[in-house]
Amino acid sequence: MDKLLFLYNLHAGKGMLRGKLAPILDALTADWDVTVHPTRGPGDAAATARDRAGEFKRIVCSGGDGTLHEVVSGLMELPREARPQVGYVPAGTTNDFAKNLSLPGSLNEDAAVAAAGFPRPVDIGSFNGQSFIYIAAFGAFTDVAYNTPQQAKNLLGHLAYVLEGATRLGSIHPYPMTVEYDGGTVTDGFCYGMISNTVSVGGFKGTPAQPVDLDDGLFEVALVRQPQNPLQLQGILKSLTTMAPDDGGLVTCFRTTKLKITAQEPIDWTLDGEFGGSCQTAEIVNHKQAVTIVYGK
């Protein structure tokens, strides 16, 4: 039997995995020789994936998107040919990236996919040398998606973001910057930017006007100018779910393999929903088909 490393984070998703590991292990051990490793703190999943990659054909992780982010970041420190396949059993609160993988939804079913699903190459981004899987973002709304209650998202759709974001209109300000990308250069003030490779942000699944391919070597980019009222904000957030320009001209959208953002002041960034640092210049590159991740049907 081929060897598989199962990494899990008991603290993800408010302890969702507690008491539920047995059926996950049953699914994994049906076809694999499994080694189990509980994560022991921040950075442990990345270090373990990197240091033990040569021992296993596949690494399956269970936790939130942060756990998956760590595993992939660890593997990206290795040569491409040394990176084992990655399976994911999502057990976090938002599980954004899981929505790209056609996973069934329950822990048991997701474990079965992680064990026997379809391995497929996926693009991975780098942000000033740091790896990210599905999104790098800056500005006014980077935390709105994560602070809006899931129940409100389910009931109200993108309107839930409008209501949450409207409370912040008075504090929003644009960052003057120059953005260089494959298709040219744009210089303007933007209050929000999103460089992504996903159909879901903050637990809300969008409906992109053009399909998002996880392995095409391209980022989907949206840059947002400052809204003046809730009606403009609603148009912006609708545009972000479709990744298409809004009617008011406040959103610029394009696809690119890389981009360089030079701002007039340091800007805070999030990578895969976690703080990614503050910088004045950001160089972001798409590494095409860098890691193989296991899909559902």
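Biologist: Which way does α2 pass α3, in a left-handed or a right-handed crossing?

Modeller: A crossing is called left-handed if the near helix is turned anticlockwise from the far one by less than a right angle, and right-handed if it is turned clockwise. Here, α2 passes α3 in a right-handed crossing. Helices in this description are DSSP runs of H or I with at least four residues, strands are E runs of at least two, and both are numbered from the N terminus. Before we go on, bear in mind that this is a predicted model, where local features need pLDDT of at least 70 and side-chain atom pairs count only at pLDDT 80 or more, while totals for chains, interfaces and linings use all residues. Residues are numbered from 1 along each chain as its sequence is written, and side-chain values use heavy atoms, with hydrogens and water left out.

Biologist: At what angle do helix α2 and helix α3 pack, and how far apart are their axes?

Modeller: Two packed helices are described by the angle between their axes and the distance between the axes. The axes are lines fitted to C-alpha atoms, for helices over the stretch in contact, and angles run from 0 to 180 degrees between N-to-C directions. For α2 (residues 44–52) and α3 (residues 65–75), the angle is about 35 degrees and the axes are 7 Å apart.

Biologist: Which residues of α2 and α3 make the contact?

Modeller: Contact means heavy atoms within 4.5 Å. From α2 you get Asp 44, Ala 45, Ala 46, Ala 49 and Arg 50, and from α3 Thr 67, Glu 70, Val 71, Gly 74 and Leu 75. These residues divide into five nonpolar, two polar and three charged. The sorting goes like this: Ala, Val, Leu, Ile, Met, Phe, Trp, Tyr, Cys and Pro are nonpolar, Asp, Glu, Lys and Arg are charged, and the others, Gly among them, are polar.

Biologist: Which residues of α2 are buried?

Modeller: Buried means under 20% relative accessible area, exposed means over 50%, and partly exposed is in between, with a 1.4 Å probe and protein chains only. In α2 the buried ones are Asp 44, Ala 45, Ala 46, Thr 48 and Ala 49. They pack against β1, β2 and β3 as well as α3. Across the chain of 297 residues, 54% are buried.

Biologist: Why do the buried residues of α1 line one face of the helix?

Modeller: An α-helix has 3.6 residues a turn, so residues three or four places apart point the same way. In α1 (residues 21–29), the buried residues are Leu 21, Ile 24, Ala 27 and Leu 28. Looking down the axis of α1, they fall within an arc of 125 degrees, so they line one face. That arc is taken from the directions from the helix axis to the C-beta atoms. Ala 22 and Asp 26 are exposed, on the face turned away from the buried side of α1. The cover over the buried residues of α1 includes β1 (3–8), β2 (33–38), β3 (58–63), β4 (85–90) and α4 (107–116).

Biologist: How many salt bridges are in the whole structure?

Modeller: A salt bridge is a side-chain nitrogen of Lys or Arg within 4 Å of a carboxyl oxygen of Asp or Glu. A search of the whole structure turns up eight. One of them joins Arg 225 and Asp 188, at 2.8 Å from N to O. Arg 225 sits in the loop between β13 (219–224) and α8 (230–242), and Asp 188 in strand β9 (residues 184–190), so the pair ties together parts 37 residues apart in sequence. Arg 225 is buried at 17%, whereas Asp 188 is partly exposed at 32%. Salt bridges that share partners also join Arg 50, Asp 51 and Glu 77 into one network. In the Asp 51 to Arg 50 bridge, N and O are 2.8 Å apart. Asp 51 is exposed at 54%, while Arg 50 is partly exposed at 28%.

Biologist: And His 69: is it buried or exposed?

Modeller: His 69, in helix α3, is buried, with a relative accessible area of 17%. Leaving aside neighbours within four places in sequence, His 69 contacts Ser 131, Phe 132, Ile 133, Leu 271 and Asp 272.
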